[in-house]
Amino acid sequence: MCGIVGYIGKKEALPVLLAGLKRLEYRGYDSAGVAVIGEKVQLAKSPGRIFKLEKVLEGKNFSGNVGIAHTRWATHGKPTKANAHPHIGCNDDFLIAHNGIIENYLELKSELLGKGHKFRSQTDSEVFAHLLEEEFKHYHNFEASFKSAISKIRGAYGIIAISKKDKEKILIAKKSSPIVIGVGKNEHIIASDLSAVIGYTKDVIHLSDDEIAVCESDGVRISNLKNEAVGKKARKVEYSLEEAEKGNFETFMKKEIFESPEVIKNAIRGRLLEEEGTAKFGGLEEAGERLKNVKRVMIVACGTSYYAGLLAKYWFSDLTHLHTDVEIASEFKTGNIDIESSDLVIAISQSGETADTLGAVREAKKRGALTMGIVNVVGSAISQETDIGIYNHAGPEISVASTKAFISQATVLALLTIFFARQKNMSLKEGKDLMREISGLYAKVGQVLGQQKTIQEIAEKYAKYKNFIFLGRKYNFPIALEGALKLKEVSYIHAEGYAGGELKHGPLAMIDKNFPVFCISTKGSVYDKMLSNMEEIKSRGGKVICVATAGDKKLENIADDVVYVPRSSEMLSPILAVVVTQLFAYFLARVLKRDIDKPRNLAKSVTVE
Ligand code: M6R
C-alpha cells in the first residue's frame, strides 16, 4: 500500500521522484505529493493520479537535490489534498512520507494537541511530522530526533523524512513495510520497491525491520533501534528496467499473461532432476531431515496466492499423502488453528510483503513450526523471515491483478508436490513422466496464448452480462475461484466461483438466460460430472462457456462457446485453464474500458491488515 520515493545526490531531485512515483503508482493511486529542499522547502500535493500532481507542478520551480515523494492508498482519511503526503508539522522544518499504519496515533495526537500542535489532515501519518518537531526541541539534531520519534510509534511503517534543519540527509525507518535503498555514484534513490530504483542502479540495500538508515549523497549508515551499527552491503539485483516496463503491450496485465511461458521456464530452471524423477530446491536444503519428518502441511496466503495454495492442497493430498490444509492468512492469525513443531507452514506471496501472510508466518514461527516462503520478490519480508524458501523468479509483476505470479506459484508447487511425493510413494516412472511434462508445459501455455483471438471474441460477446458463475471440480475448483476473482477485479462484474458439485445445492436457482456459467471441463476424473453440470445449466436456459481439452468436439454440442487447451495430465490441466480465465477477464474489462492495471479501490501489495 502506498509508494514512497526519496532522492539525494547531485541531480535535480524532482524528475527522479516523479519517475519513481510513476513506477510505484500501482501500489496506491488515491493521491500523490512531492517535496524538494533547495534554497527553500517546496511542497506540492494533489488528489488523484500522478498526472494530476504533474499539472499542479506546471510552471513551478522545484529546484533542489534532495526530496521525497509519495503515492497513496488511503487507510485513514479520504483521498484529499490535505491527506496526501508528504506531511509537515506546524511549520515546514520536517517533511515526512509514510507507508503503513501508526497504531498509537490517536494517543500521540492527543499528547501533541495538548502541547499546542495544530493538525492539517485526518491521517495517522501526520503525527510523525509533529513528533519530529517535538523531539527536535529536546535534541536539536535531526537524526537524534528521528530515532527518538521512531521509538515512540507502534505499528507498521516505511517512513522517510527530510528537514531544512539538515538538508544533506534523508532518514528512513522500516517495520513491516518494504523499503529499498538504491546505491548509485554519489546518489541514493530510496523506494518502496525495486521498480523505482533499477533505472538508476542495480546495487540495492533491502532494509530490514527495526532498522534506521541515514542516507547522504556519498554514503549510507544503518543502525538498529538500539543505535548499534548494522553492517549491510548493497546486493546486485537481477532484473532489468525492460522487465518492469510494458514494452509493446497496452497494459501490464496483458504483458504479464503473455510472459507465462518464460515464467514457467524460470520457475523450473535448475530445479528438474529428470532422471531421478524429482526436483531440487537450493533454498530447502538447510532444513535437511526436519523437512523429511514433516507430518502435516499448512498453506497460508491471500487472494490469488491463496488459490494457488488451494490447488497445492489438492496435489499434496492426492500425491504426497501429507495431511495438508490451506488457510486464508488473515483467518490463520485470528483462529485457534492447531500448529505444532512437526508442521510445515508454507506462505505463498508474490510480493512477499502482504501483512496478513507475514503475520501468519510470525504466528507459525511463534508456535515452533518450520516455515517456508514461496515468494517472487527477492529480499522481501516473507523471504527474510521464513526458515526456508523458494523464489518464483517470475520478474516484477506490476499489474494489480496477479496473473503470471499464479502460473509461477502453481509451477513451483507442482515441482514441490513431486519433490515430496517421491520421498513418499510416487514411483520413479510417475515422477519422470510428470517432470517431462512440466518441462514442456511452457509450450502448451504458449498454445493457449495463441488462442487469444477466440477468447477475445467470446469475451466481447459476453460483456453485456452482469453476473457470472465459474465452475470447476477437483484441481479446477481453485481455477474457478481464481477466474471469478480475476473477472471481478478487472471488470467490476459480479462473479462467483463454485465447485461443480455445489451447483445444485443453491446457485442453480440463479441460472437463467442472463446468467452465463464459465465451466472448466477438461478431461480427467471429474469430466463426466462437469458434463452433467453443463447439461443442468443448459436445461435452465443458462449460457455455457467452457474450457475443454483439444479434440473434445462433444462439448460443442452442449456449450455455447468453447476454448480448447492442449492435452495434459489432469494434474497440470489447471495451469492451462487458468490462462483462459485470465485472458477472458482481461478482454472483457477492455471492452468495458476499465483501468485494467489499476482497478479502483485496490493496491498491488497489501501491507496493512
Ligand atoms: O503479494 P501477494 O501474493 O501476497 O498478494 C496477495 C493478494 O493480495 C493478491 O493475490 C491479490 O488478490 C491480487 N490482486 C489478485 O489478483
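Reply: Tyr105, Leu108, Lys109 and Leu112 in H3 meet Val127, His130, Leu131 and Glu134 in H4. Contact means heavy atoms within 4.5 Å. By class, this contact has five nonpolar, one polar and two charged residues. Ala, Val, Leu, Ile, Met, Phe, Trp, Tyr, Cys and Pro count as nonpolar, Asp, Glu, Lys and Arg as charged, and the others, Gly among them, as polar.

This is a predicted model: local features need pLDDT of at least 70, side-chain atom pairs need 80 or more, and totals for chains, interfaces and linings use all residues. Residues are numbered from 1 along each chain as its sequence is written, and side-chain values use heavy atoms, without hydrogens or water.

Now the geometry. H3 spans residues 105-114 and H4 residues 126-139; their axes lie 10 Å apart, at an angle of about 45 degrees. Axes are lines fitted to C-alpha atoms over the stretch in contact, with angles from 0 to 180 degrees between N-to-C directions. Helices are DSSP runs (H or I) of at least four residues, strands (E) of at least two, numbered from the N terminus.

Next, the rings. The structure holds 15 aromatic pairs (Phe, Tyr or Trp rings, the six-membered one for Trp, with centres within 6.5 Å). One of them, Phe281 with Phe419, is edge-to-face: 5.7 Å centre to centre, 75 degrees between the planes (over 60 counts as edge-to-face, under 30 as stacked, the rest as tilted). Phe281 lies in the loop between strand E16 (278-279) and helix H8 (288-292) and Phe419 in helix H13 (residues 404-423), so the pair ties together parts 138 residues apart in sequence. Both Phe281 and Phe419 are buried (under 20% relative accessible area, 1.4 Å probe, protein chains only; exposed is over 50%, partly exposed in between).
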